[in-house]
Amino acid sequence: MADVEARAVPVPDVLDALLDQVEQPLDRLAGDAPLAALRAINRLEHVIAEVGDAAAYGAEADARSGTAIGQGLRLPEEEARRRLLRYSLRR
């Protein structure tokens, strides 16, 4: 497990902190105003669809040059490939 963790691609600290800042109020909003939370989630899904497609395409290109996708995502290789396919098909 330590070997897989060492090969995982790190998320930049600034982005990790921003995701935490989104998750916490979104979680509270889900309890207080679930429809507003769903609207926010819809916006996040739009971002995922836009950026995920480009990221999946780039990851596939990296994989052709030898980068292991599963290790980079800390997932079994088959699950990582399914996730890339899902990101590619979201549009």
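Buried means under 20% relative accessible area, exposed means over 50%, and partly exposed covers what lies in between, using a 1.4 Å probe and protein chains only. Keep that scale at hand for Glu 77, which is partly exposed because its relative accessible area is 33%.

**Before you select anything**

This is a predicted model: local features need pLDDT of at least 70, side-chain atom pairs count only at pLDDT 80 or more, and totals for chains, interfaces and linings use all residues. Numbering starts from 1 along each chain as its sequence is written, and side-chain values use heavy atoms, with hydrogens and water left out.

**Stop 1: the whole chain**

Show the chain as a cartoon. There are 5 helices and 0 strands. Helices (H or I, at least four residues) and strands (E, at least two) are DSSP runs, numbered from the N terminus. Read from that terminus, the order is α-α-α-α-α. Of the 91 residues in the chain, 14% are buried.

Now colour by pLDDT, the predictor's confidence in each residue, from 0 to 100. The chain average is 86, and 88% of the residues score at least 70.

**Stop 2: the nonpolar patch**

Select Val 11, Val 14, Leu 15, Leu 18 and Leu 19. Together they make a nonpolar surface patch of about 450 Å². Patches are made of residues with over 30% relative accessible area and no salt bridge; like charges are joined within 9 Å, and nonpolar side chains (Val, Leu, Ile, Met, Phe, Trp, Tyr) within 5 Å. Accessible areas come from the Shrake-Rupley method with a 1.4 Å probe, and for residues only the protein chains shown count as cover.

Zoom in on Val 11. Its place is the loop between helix H1 (2-7) and helix H2 (13-32). Val 11 counts as partly exposed because its relative accessibility is 44%.

**Stop 3**

Select Ala 68 in the loop between H3 and H4. Its relative accessibility is 28%, so Ala 68 counts as partly exposed.

**Stop 4: Arg 74**

Move to the loop between helix H4 (69-73) and helix H5 (77-89), where Arg 74 is found. Check its backbone: phi is positive, about 60°, although Arg 74 is not a glycine. At 49% relative accessibility, this arginine counts as partly exposed.

**Stop 5: salt bridges**

Side chains of opposite charge can pair when their charged atoms come close. A salt bridge here is a side-chain nitrogen of Lys or Arg within 4 Å of a carboxyl oxygen of Asp or Glu. How many salt bridges does a search of the whole structure find? It finds 3.

Select Arg 81 and Glu 60. Their side chains meet in a salt bridge, 3.3 Å from N to O. Arg 81 lies in helix H5 and Glu 60 in helix H3 (residues 34-64), so the pair ties together parts that are 21 residues apart in sequence. Arg 81 is partly exposed at 32% relative accessibility, and Glu 60 is partly exposed at 26%.

Glu 77 and Arg 81 are 4 residues apart in helix H5, so about one helical turn separates them. Display Glu 60, Glu 77 and Arg 81 together: they are linked in a network of salt bridges.

Next, pick Glu 79 and Arg 83. Their side chains also meet in a salt bridge, 3.7 Å from N to O. Both lie in helix H5, 4 residues apart, about one turn of the helix. Glu 79 is partly exposed, with a relative accessible area of 30%. Arg 83 is partly exposed too, at 26%.

**Stop 6: Arg 86 and Tyr 87**

Finish on Arg 86 and Tyr 87. The charged end of Arg 86 sits over the ring of Tyr 87, 5.6 Å from the ring centre. The rule asks for NZ of Lys or CZ of Arg within 6 Å of the ring centre and within 35 degrees of the ring normal.
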